[in-house]
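Biologist: I am new to this structure and would like to go through it with you. Could you put it up so that we can begin with how the helices pack?

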Amino acid sequence: SGRMPSMGSLHHGLTGEALFLFGNAHRNTISWAPHGRFVCLAGFGNLAGGMTFWDKNKSKPIPQYDSETGVPLFPELKASCTVGFGWSPDSRTFLSCTTSPRMNVDNGVKLFRYNGEELTNVPWDNDNYKPDRLLQASFVPASANVYPDRAQSPAPRITGDAAAIAAAKKQAKEAATKPAAPATKRYVPPSARGRTGGTSLAERMKREKEGKMVGATKVTPKPSIVGGAPVKKVPIGMSSTTGSQKSKSALRKERQKQNKAKQEEEERKKEEAKKAEESAQAAATVDPEKRARKLKKNLKQIDDLKARDPNSLNDDQKKKIASENEIRAELEKLGF
């Protein structure tokens with residue numbers, strides 16, 4: 001139920017980024033060959049049955065070749081009234097069939113090479129299945145390692161007049177990348193012929209739509225540059241941890257935050273040094289006898305703690321026992 005002609009596109013499996021546009025065409029079906037090299041874009045079901053065969057590795061439609069000159073050709077391929085379709089296990093043949101009960105007329109099977117060339121030397125006669133005798137048609141499946149992945153067969157050598165061959169090549173290249181042809185023109189009465197076009201809203205919208213149709217093209221993404229370094233791509237849903245993807249405003253705020261934290265750390269160190277100096281000065285002015293009595297009291301408490309079960313002591317009590325040597329050293333300095 002989408003708009004026609006539709007746009008087919010190939011995307012990256014991790015990032016979802018568009019890599020290639022197949023162009024606008026009347027297509028609603030995508031069928032990949034088992035090896036993932038060839039793909040068929042078709043318009044089956046309620047469409048006319050047009051088909052295009054592509055080589056994913058080359059990002060180009062697969063051509064047929066003129067039997068006399070060897071010039072690549074891109075004819076209009078069509079498999080009308082297709083109900084079932086599929087690739088052979090070796091990715092070299094494509095099947096389309098018209099079967100009952102979906103279609104009760106013209107039942108039969110058609111085979112196409114990977115480039116869309118129809119194979120006529122099939123070992124069956126489609127007339128035997130008409131009008132409604134075919135129920136299903138499919139290839140016999142095979143294991144994945146039975147058939148190797150094969151590229152396109154080499155193109156035949158082009159022969160003939162150089163100018164004619166060059167013109168044919170140019171025409172074939174244009175045919176390979178052109179968008180879908182607009183629909184067949186409706187009947188125009190003699191009195192309206194020769195005009196540039198109708199002025200009704202429907203006709204103007206139709207001309208605008210046909211003018212926006214795009215042919216096959218490769219998508220070249222523009223790299224996002226921040227601070228001279230390209231942004232690293234990550235899978236969809238995963239946040240990036242690299243700083244190169246931050247905006248200039250975010251980087252500026254981060255630098256301000258770091259500078260502020262650095263200043264606060266310096267101020268804290270200065271404050272601690274000031275407090276330590278004040279404590280030392282206060283200790284120097286304390287009466288030695290009072291200080292000695294306090295230290296001796298601490299030593300007595302330490303002796304009481306040492307007499308208790310070590311497993312029953314908390315962290316503060318253990319720390320107090322560990323300070324015994326410092327207390328005795330201070331007492332010696334005071335002369336007690």
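Modeller: The axes of α4 and α6 come within 10 Å and cross at roughly 150 degrees. Axes here are lines fitted to C-alpha atoms, for helices over the stretch in contact, and angles run from 0 to 180 degrees between N-to-C directions. That crossing makes α4 roughly antiparallel to α6, a term for angles over 145 degrees.

Biologist: Where do these models and numbers come from?

Modeller: This is a predicted model, in which local features need pLDDT of at least 70 and side-chain atom pairs count only at pLDDT 80 or more, while totals for chains, interfaces and linings use all residues. Residues are numbered from 1 along each chain as its sequence is written, and side-chain values use heavy atoms, with hydrogens and water left out.

Biologist: Which residues of α6 are buried?

Modeller: In α6, residues 324-334, they are Glu 324, Ile 327 and Leu 331. Buried means under 20% relative accessible area, exposed over 50% and partly exposed in between, using a 1.4 Å probe and protein chains only. Seen down the axis of α6, the buried residues fall within an arc of 65 degrees, so they line one face of the helix; the arc is that of the directions from the helix axis to the C-beta atoms.

Biologist: What covers them, and what does the other face carry?

Modeller: The cover includes α4 (288-307) and α5 (315-322). The face turned away carries the exposed residues Asn 325, Glu 326, Glu 332 and Lys 333. Just after α6, Gly 335 takes a positive phi of about 90 degrees.

Biologist: Changing topic, how many helices and strands are there?

Modeller: The protein has 6 helices and 16 strands. Both are DSSP runs numbered from the N terminus, helices being H or I with at least four residues and strands E with at least two.

Biologist: Which peptide bonds are cis?

Modeller: The bond from Ser 100 to Pro 101 is cis, with omega near 5 degrees, and a cis bond also joins Lys 130 and Pro 131, with omega about 0 degrees. Pro 101 lies in the loop between β11 (93-98) and β12 (108-113).

Technical notes
Contact = heavy atoms within 4.5 Å. Parallel < 35°, antiparallel > 145°, perpendicular 65-115°, else oblique.
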